[in-house]
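Me: Hi! Could you walk me through this model, starting with the ligand site?

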Amino acid sequence: MCGIVGYIGSENAAPVLHRALTRLEYRGYDSAGIATVFNGRVFVKKDSGRIEEIHKRLNLDDMPGGVGIAHTRWATHGGPSQANAHPHLDCSNSIAVVHNGVIENFLQLRKELTELNHVFKSKTDTEVIVHLVEEYHVRQGKPLLEAFLTALERIQGSYAVALISSNAAREILVARNDAPLAIGVGDGFNFISSDVTAFIEKTKRAVFLQNGEAAVVRADGYDIIKLATRGAVARKPVTLLWDIEMAEKHGYPHFTLKEIHEQPEALRNALRLQNIYVDLLTELLDRGRDIFLLGAGTSYHACLAGSYLFSKIARVATYPVVASEFVENYGASVNADTVILAVSQSGETADVLNALEHARLRAATILGITNTVGSTLTRISRAYVLQNSGPEIGVAATKTYTAQVLVLTQLALRLAKLRGKLAQFEMDEFKETLVNIPGIVEVVISRVEKPMREVAEKLVDKDVLLFLGRGVSSSTAAEARLKVMELSYIPCISYSAGESKHGPISIIDKGFPVFFIVPPDDDRKQNIGNIMEMKARGAMIIAVADENDDEVRELSDIFIGMPAVHPLLSPIPYVIPFQFLAYYLAILRGNDPDKPRNLAKSVTVL
Ligand code: F6R
């Protein structure tokens, strides 16, 4: 996730953009830059680092021109550096582009443009956009707008993109596909931005672009164009009722709630992995004699889910290990035939890095899944995949967890293909399910928030909660436990449901709340047996199960119905009710859900 903003009007654009950028910094903060147009020239200042550091070095306010675009970055392709910071320029330095999103076919486009003698200065996917527009406009002589629209036709992936040119000082061109973009409509000036926080101090009137739309934005108006037909779209501004703080959180009271709601977008981005890295990772995984999946906290639960997925999809056994336990307990078994796949949102967790350092010294192959380009994990991994979730500000991991599980699923699928372990029909069925996951999660979010808030109201004074699931759902139970416990401060227990009769059942008495995670999989029948055992002892049964599972519905005191999903992918939608439960319990108990006590977002001590 990055932030883009543009301004056109009578004020000097650079200071306006600088202020707007600081409002967008929560969308990414590893580098930033501004481009303006003045007197037939494009001016650019950009660097790596946070905006205020860059301003101290370069004085971002001191740039001429009443039109400009700016960017604050959360790296996806190419680490944080001056060259990779946006805006990006074409070879003639007459066009500047900023972009939020992921261009999936950038490698092919880069190759094609390089053969046409375009010189690339960065490692970003974005740079192909500006060279494509240059190709059509500067070299082939198409008008700027036509060149822009033609370039967009060549691009696959997600984008909110804004472009200025020294040949067109009175307009900003923008377009969107699967990344947010709004026009802030003022009197004699206009903004464009990834979100309204950037301009809400200056105007409360906004037009939201839809997917597949472009716009020409001038100081005195805007024209929206449908990309598929190039026809005009009429859309009037809406008036925003938010203040700046509400706008930063998109109207949600907390970042955690915003991030729970952002999961469909984060999952779409997690499906846009760069194939070459996924293939490389898969090949390296394939060579491992022992494969460890390593993580801490929530990322460990993603590893736990991953071990079931690798086993069931690719028929490959892996060891999920808590990072802090690795060196002392498994370290001696590590050698050159060992592969460690480390999962870490921050890429900086000390327990993870410590384990990897040990493994590195013993010549193991280190692979990574992370959300943070330029993190230590990316530097020490032989190969890594970025989950593309954007910054997560709430301390509790929500959108980054479901994205990690989706990345692991894709790796398992790719490994299955490499080893010839799946029949074509199974492969096709899976792929279809993967693509549907963001939509399924959208349905779940819209459906379960209210009932889970009501569950939270019922349970707010309980002393302890129990979470049970079997197979891959035991990882969902573990993650539900962690999420609810860290935000509500209510002690929680999770077990594999099959283990409940081997001990935990002794704590059950009348009204004891027991959550069952029961997707319609091979374990369902046995889960029902466990539900009956608990019910017979007076437990309050709260089941998260398929909406058509009438048997489970009958047995439950509270039933949370889920839409159909492939059972192996259930960890993604089935964890969402528990994220809401955790959030609402925190609110009801007076806790700050964004900053639970005693915790830090990134634990950099052993
Ligand atoms: C819980 C949570 C933590 C992290 C853990 C690992 O909600 O966020 O348990 O998952 O500290 O962090 P990363 O993934 O950055 O290594």
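**Around the ligand**

Reply: Happy to! The ligand is surrounded by 13 residues (a heavy atom within 4 Å), and the closest are Ser299, Ser344, Ser346, Thr349 and Glu486. This is a predicted model: local features need pLDDT of at least 70, side-chain atom pairs count only at pLDDT 80 or more, and totals for chains, interfaces and linings use all residues. Residues are numbered from 1 along each chain as its sequence is written, and side-chain values use heavy atoms, with hydrogens and water left out.

Me: How far is the polar side-chain atom of threonine 349 from an oxygen atom of the ligand?

Reply: That distance is 2.5 Å. For glutamate 486, a side-chain N or O atom is likewise placed 2.5 Å from a ligand oxygen atom.

Me: And how much of the ligand's accessible area does the protein cover?

Reply: The protein covers 90% of the 410 Å² that the ligand has on its own (Shrake-Rupley, 1.4 Å probe).

Me: Switching to β18, is the strand buried or exposed?

Reply: Seven of the seven residues of β18 (residues 338-344) are buried, so the strand is largely enclosed by the rest of the structure. Buried means under 20% relative accessible area (1.4 Å probe, protein chains only); strands are DSSP runs of E, at least two residues, numbered from the N terminus.

Me: Which residues point which way?

Reply: Thr338, Ile340, Ala342 and Ser344 point one way from β18, and Val339, Leu341 and Val343 the other way.

Me: What does β18 pair with over six bridges?

Reply: β18 pairs in the parallel sense with β19 (residues 365-370); pairing takes at least two DSSP bridges. Alanine 342 has glycine 368 as its bridge partner in β19.

Note on methods. A polar contact is a pair of N or O atoms within 3.5 Å; within protein, one must be able to donate a hydrogen and the other to accept it, and residues adjacent in sequence count only if both atoms are side-chain atoms. Buried means under 20% relative accessible area, exposed over 50%, partly exposed in between (1.4 Å probe, protein chains only). Helices (H or I, at least four residues) and strands (E, at least two) are DSSP runs, numbered from the N terminus.
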